[in-house]
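I am opening a notebook page on this structure.

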Amino acid sequence: WLLAEANYLVKLAGRKLWQEKDQVTARVLLSTADLRINEMNDPSLIAIRQALASDIAMLQALPRDNSETLALKFDGLISQIDNLKLNMVKLPDAIQTESGEQLSNSTDDWQENLQRMWNSFSEGFITVRRRNGSVEPLMSPKQQWYLEENLKSKLIQAQLAVYRQQQGAFEHSIELSTRWIMQFFDRQDSTTEFMLSELAELRKQKISIDYPKKLASSNLIIDALTQRNVGYGNKAGR
């Protein structure tokens, strides 16, 4: 029955690893299976214990699954989107040309004075101001809302890619989010700087892990159970 319990623990470890990506629990289950076999004090089962030790070492060598930490970081970034400031176009001050036409005190200049008075009078109807630099239209509030919602959606996609371990989708979502922030929001603002910095660090993360397709100890335990006529056929439980 100790061998049968060890077999159950190894099977459960495989499900934890492949279905739930729970490396820690899988290692604990394998270690517990090894303890059960050790309690049997049977030298003929040393190969199983060696296989269990190999499986445990293999799991320990896997990259750490930090999907929960990464997902929480995305939650923090999404919460900051409403605090982002749009790129604003600051118009330069108007350039006004002061009229240098002054009336003359000489009676001989009456015609020139009359022309100057007419020019001064007509300028009161039409005022022309010139500005240096180009002027670009600002984003409307509705457009800003759509932009922010699309940015949130893109970060949520990256978050889902973390849980699904989809490296390509993860990197694409981060790249597009970064591009939108750089294009539409004020890069001098502290919130923008923070989000760009966090996205740059997140993009370096490797979220896909190559898990083993099988545990070396599984078949050995089943073979031992079969030899002892515990009720397992040649293919049972494999």
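Is Arg 27 buried, partly exposed or exposed? I looked up its relative accessibility and found 22%. Buried would need under 20% and exposed over 50%, so Arg 27 counts as partly exposed. I note that the model is a predicted one.

Next, I placed Arg 27 in the chain. Arg 27 sits in helix α2, which covers residues 23-40. I then looked for its contacts, leaving out residues up to four places away in sequence. Arg 27 touches Ile 56, Leu 59 and Gln 60. Ile 56 is 29 residues from Arg 27 along the chain, yet their C-alpha atoms are 5.8 Å apart.

I turned to a helix pair. How do α4 and α6 run relative to each other? Helix α4 spans residues 67-80, and helix α6 spans residues 141-164. I read an angle of about 175 degrees between them, with the axes 9 Å apart. Over 145 degrees counts as roughly antiparallel, so α4 and α6 are roughly antiparallel. I listed who makes the contact. From α4, the residues include Leu 70, Phe 74 and Ile 78. From α6, they include Leu 155, Ile 156 and Tyr 163.

Last, I looked at the surface. Which residues form a nonpolar patch there? I found Ile 156, Leu 160 and Tyr 163, with about 290 Å² of accessible area together. Ile 156 and Tyr 163 were already on my list for the contact with α4. Leu 160 also lies in helix α6. I logged Leu 160 as partly exposed, because its relative accessibility is 37%.

Terms used:
Residues numbered from 1 in each chain as written. Predicted model: local features only at pLDDT ≥ 70, side-chain atom pairs only at ≥ 80, totals over all residues. Heavy atoms only, no water. Patch = residues over 30% accessible without salt bridge, like charges linked within 9 Å, V, L, I, M, F, W, Y side chains within 5 Å. Areas by Shrake-Rupley, 256 points an atom, 1.4 Å probe, with all protein chains shown as cover. Salt bridge = Lys/Arg side-chain N within 4 Å of Asp/Glu carboxyl O. Helix = DSSP H or I, 4+ residues; strand = E, 2+ residues; numbered from the N terminus. Buried < 20%, exposed > 50% of the residue type's maximum accessible area, 1.4 Å probe, protein only. Contact = heavy atoms within 4.5 Å. Axes fitted to C-alpha atoms, helices over the stretch in contact; angles between N-to-C directions. Parallel < 35°, antiparallel > 145°, perpendicular 65-115°, else oblique.
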